[in-house]
Amino acid sequence: MNEKFTHQKIKGVPHKTMLPAGTALVLEGGGTRGFYSAGVFEAFMDAGIMFPYIAAVSAGAANALTYVAGQKGRNRQIVEFYVGDKRYVSKRNMLRNKSLFGYDFIFRTVPKKHIFWDSEIFESTDIRLLTGVTDCATGEPCWFEKSDLAPEFTPTIASCSVPLLSQMVEIGGREFLDGGLSSPIPIEKSVADGNNFHVIVLTRNAGYSQEPFRYKRIVKFFYNKYPRLVDAILNRHEIYNRQLKLCEQLERDKKAIIIRPQIPLTVGRSTSDTAKLLALYDEGHAEGAQALRLLENFL
């Protein structure tokens, strides 16, 4: 790896406390809204805690890479210096690379040339990290393990690849897209894997519910060779609302803590406004710290 970085290295710090087995961290995506989750992770790193199990999709999976590597402040540097860069997210990327987000820049150029990513701490952190993607042939979720990710992060890129705004990602002869299509809040996966307490980080305000996808004809035309993928896209709102309902039921049953933005959101999936995203990040940091006090009571 190139040892000359644009920014001073933030070395990863091993996490002091591993939470009890059966405690899971469940992460929603949301494009650049996901920097709220990155702020929450900052609070977790302040406390030195790590979860034995993390299930994540899309931006949740991307931002968790820094958390697992124990690098406080790294994701904030990404917001401060690179999200406003047209190579990160822009219409120009669509014209040049057929993707709104510049995944090669985000996952390869930035960690190799600009902001050091501590692969040693990431690899030595003994947890189960699941990154969800959607199989374009079946429309079903598929899960990649932590050992599948580095150094090229191809499953993470697939998990972040939004339909119509990104190209499919091929892994092992199969084609994948956004994990948030088939498992937008991967709580069902966490429950199925036997976890009994969940910390769920959402990137929407309370009261939000997913509406049906409006551009049915475009999706059916664009993905006419992938009928099950089309079904997954058109049924996503039902899956999202079902999984959100399960999260809220688990919270009522005192089997989960939900962390989500308390201030009304002013950012969307592809917002690149640095000031707005830094404010969202800092909100996540503060609300993550508040949630830690609840977590101490539960555990």
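This is a predicted model: local features need pLDDT of at least 70, side-chain atom pairs count only at pLDDT 80 or more; totals for chains, interfaces and linings use all residues.
**The largest core.** Start by selecting L25, F44, F51, I54, Y67 and Y88. These residues touch the most other members of the largest nonpolar core, which has 65 residues. Next, colour helix α1, residues 35–47. With eight residues, α1 gives the most to this core.

**Around F51.** Now centre the view on F51. Leaving aside residues up to four places away in sequence, F51 touches M18, L19, T23, A24, L25, F44, Y67, I127, V199 and L295.

**Helices α1 and α2.** The crossing of α1 past α2 is right-handed. To see the contact, show F35, A38, F41, F44 and M45 on α1, with G60, N63, A64, T66 and Y67 on α2. This contact of α1 with α2 holds seven nonpolar and three polar residues, and no charged ones.

**Helices α3 and α13.** Last, select helix α3 (residues 74–81) and helix α13 (residues 274–298). Their axes come within 8 Å and cross at roughly 160°. That angle makes α3 roughly antiparallel to α13. Here the crossing is left-handed. On α3, show N75, R76, V79 and E80; on α13, show T274, L277, L278, Y281 and D282, which complete the contact. By class, the contact of α3 with α13 has four nonpolar, two polar and three charged residues.

Notes
Residues are numbered from 1 along each chain as its sequence is written. Side-chain values use heavy atoms; hydrogens and water are left out. A nonpolar core is a set of buried Ala, Val, Leu, Ile, Met, Phe, Trp, Tyr and Cys residues joined through side-chain atoms within 4.5 Å. Buried means under 20% relative accessible area, exposed over 50%, partly exposed in between (1.4 Å probe, protein chains only). Helices (H or I, at least four residues) and strands (E, at least two) are DSSP runs, numbered from the N terminus. Contact means heavy atoms within 4.5 Å. A crossing is left-handed if the near helix is turned anticlockwise from the far one by less than a right angle, and right-handed if clockwise. Ala, Val, Leu, Ile, Met, Phe, Trp, Tyr, Cys and Pro count as nonpolar, Asp, Glu, Lys and Arg as charged, and the others, Gly among them, as polar. Axes are lines fitted to C-alpha atoms, for helices over the stretch in contact, and angles run from 0 to 180 degrees between N-to-C directions. Angles under 35 degrees count as roughly parallel, over 145 as roughly antiparallel, 65 to 115 as roughly perpendicular and the rest as oblique.
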